[in-house]
Amino acid sequence: MKKGGHLKTHLLSVCTVCGVALMAAVLLIGQLSCSKKHTLGPEKLQQAMAHRNLGLAYLEEDRYQEAVQEFKALAELVPWEPMAYANLGLAYLRQDDYASAEKWLKKVARMAPESPEVQLLLAQLYQITGKGEKALSILNRLISKHPDHPRVLYFLGEYHLQRGDSTSLTRAEIYLGKLVGLLPANLVARLFLLQAQMALGHRADALQNLETLRQILPALSEPARLALERSIQALLSGDLNAARPQVQILHNLLRNLPQYQAGEAELRGSARTAVGLPVQHFLKMKPVSSGQKLITAPPRTVHFQEVTERVGLPGSGTAGRIQRPAALACADFDGDGDVDLLAGLPGKPVQIWQNERGTFKVRPDVGHLAHLKGATLAKFADFDNDGHLDLLVAVQHDLRLLKNDGTGRFVDYTSASQIKLPTSAMVQDALFADLDHEGDLDLLLATNRGVMYFRNDGNGRFSRWDEEAGFQVGPVEATSAAFADLDDDRDTDVVVGNAAGAMLHFDNLRQGFFQEVARHSGLAGAIGVTTLAVADYNNDGYLDLVTASGQPAQPVLFRNQGDGTFVADSSALSKGTGPLLQRVYAIHPFDLDNDGYLDLLLAGQPSPGNTSATGLRVLYNLQGTGFVVAPELLPQLKETVFQVCTPDYDADGDLDIAVLAGHGLHLLRNDGGNVNNYLVVRLTGLRSGSGKNNYFGIGARVEVKAGTLTQVRVMTEPIAHFGLNGYQRADVLRVVWTNGVPQNRFHPEKNQTLVENQILKGSCPWLFAWDGRRFRFVTDVLWASALGMPLGILGTEMHYAFPQAAVEYM
């Protein structure tokens, strides 16, 4: 679609968007301690949100002076809002400007006496500046009002542990024991509890704690394993004096584990900065209706038009009847910037249609791919981290891994990869993701015989690991799978649909180990799920789930409550719509009109007996207030739809729809979706040295913040598309890489493709020596790379840096 051909439509849409913005932009702000109320108009609201977004990003980037300026501007704009002063105080605290930090933190403590986040910042300031009694007074007041607050329990436990007398140690054990009960997987909490138990001589409790540690940390370095075993043996023999140094050695050795750093970040703050956690959300601003009407229908300016044959693809019916799920995939496999199309049509080899500026031609030379017929599944992924998209193809009970040689030809690499399916296993879904956070893509398969997990060894070979990892949890008929950091602890979790029972939720314990937690997370009630997807459908910053099950099928939305637990959100779907499809084969979230909210595309079998039934349905997102069925946006496809993907094939800034259905391929062009602005994000991870992140950043969390609009995606493919609504630019593009390190780009402009390259953060310590007149640089005091890192990761053999402490001579 050409933008110039829809000028009137564009103007109408902008008016509609502005009306919605006016409706959503009125806030009612009330003091917590009085009845005074304030209104904040749309322009000031946008300014306030921009200052918040930028200030938080500057804090994360350690650009404290700029953070100070943003939070000062925010405080001037909304002087009644505590969040501005709290983060202003934190910015000064991290600069060691304790006088300024105390000024603002005392002010905000008076404004928000009931907020644990605010009060903890002041308590941390007092601890740092040697005013322990003042810190203790704040913590005691907090624990009386918030007895189950994990961070309050942690700081109280730490405070009493440091005091060291028997009364304080007893209190520390009580607080830390309660904390471990609330956060049993937090390694830091458990190790500090162990420290208190050892100091008090509670041998049996310490022994039980160590045994639990052995269970939750099954893979340890040899020195850590020896320290753990020696600690246990000493306690079993009753020798506390022999056990204490071994426990301390164990604690020190575990500090470098990702689990420890994640636990520290959960309790203290950023893994890079031990001082304070920023207050992320407004504390006194609550949105209310301005009296204007909410959006209740999709825009009339958007429509999808069939263009299959016009762009060079085989038309409907030319490929023969498709009666079972078949392969469809969209990706830029040749790296020329255009999204190409792969399909497995009946009786024909898998074919790739190369995109040449919006028209398609069959790629004649695709190597081994030409020998595969009857493909049921295809997934593009760069398994060897060379920057070229490889291909996984499932054919009945067979699975083929094809390596892209860099020219767009695919070589059969299955035997070399050591990936092998058991007899009678059939792959229903496949994920490539860095599940063990070692910097390369592992493979997880959802099959009729359960979940199969193959760890990438980094040398082109995979090792089957599902039993050791914790994925074998009884009889499971896995139908679909998805990955994301669902509990915001900076590791990749997995959810699996199960036709034979309850949906499965695997929480990542790091190092390739998982724990099934669906009963705890609220997902065990989803029975017989046939397909699922991850989507932050309400733009609250937490990744939700969309599922479908049963016949006839109706989608179910599970809203993430912010802590990795979910609740079914029945209010999000419009009432009285009835079953949308007889069976749902695929759910695909996408933003069809660039308004910044994810709509839902459902593909499946039409309801029988309904002459107007279609196999493709779209649920339009009413800007976070719910969904409505929007049949008027799509042409009617009166056939079963097996697969969908949403490439912007013509590069005009809106997402189109590719469909593989019973009568063949369909390409539906989006006309009108680009009246709003957009951003396309491509990630490039570091692959040299330790290869800490996979090349395309698969699994990274990407956030785009623009005024009141906040969007979150998990990278499941090399590009992510974000609608910007009417914004001319975003405030912040934030990426949290799969190694947990965040980075921010400020003020990206609208309507462009951004390539965000990973930036290496941190450095080795440097030694400077006094020469009588000034300090001079002598040397760095660490070896050139991380201890234990994989070496030669791009070569044929894998070696690891030595695990012993580095010794350097000067």
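In what order do the 4 strands of the open sheet containing β17 line up, and is the pairing parallel or antiparallel? The views below take that up, along with a helix pair and a second sheet. This is a predicted model, so local features need pLDDT of at least 70 and side-chain atom pairs count only at pLDDT 80 or more, while totals for chains, interfaces and linings use all residues. Numbering runs from 1 along each chain as its sequence is written, and side-chain values use heavy atoms, with hydrogens and water left out.

**View 1. The whole protein, for orientation.** Of the 810 residues, 55% are buried (under 20% relative accessible area, 1.4 Å probe, protein chains only). Take the contacts (heavy atoms within 4.5 Å) with a separation of 6 or more: 54% of them link residues 24 or more positions apart.

**View 2. The sheet that starts with β17.** The strands run β17-β18-β19-β20, and the pairing is antiparallel; to pair, two strands need at least two DSSP bridges between them. β17 (478–484) and β20 (513–516) sit at the edges with a single partner strand each, so one side of each has no neighbour in the sheet. On average, neighbouring strands of this sheet are turned by 25° against each other, direction ignored.

**View 3. Zooming in on β18 and β19.** β18 (residues 493–498) and β19 (residues 504–510) pair in the antiparallel sense over 3 bridges. Look for V495, which stands opposite H505 in β19.

**View 4. The sheet from β21 to β24.** This open sheet of 4 strands goes β21-β22-β23-β24, with antiparallel pairing. Its edge strands, β21 (529–535) and β24 (566–568), each pair on one side only. Inside the sheet, β22 (residues 544–549) and β23 (residues 554–560) pair over 5 bridges in the antiparallel sense, and S549 has Q554 in β23 as its bridge partner.

**View 5. Helices α6 and α8 packed together.** α6 (residues 116–128) and α8 (residues 150–163) pack at about 15°, with their axes 11 Å apart; axes are lines fitted to C-alpha atoms over the stretch in contact, and angles run from 0 to 180 degrees between N-to-C directions. The two helices are therefore roughly parallel (angles under 35 degrees). On the α6 side, L120, Q124 and Q127 meet R151, V152, F155 and Y159 of α8.

Terms used: Parallel < 35°, antiparallel > 145°, perpendicular 65-115°, else oblique. Buried < 20%, exposed > 50% of the residue type's maximum accessible area, 1.4 Å probe, protein only.
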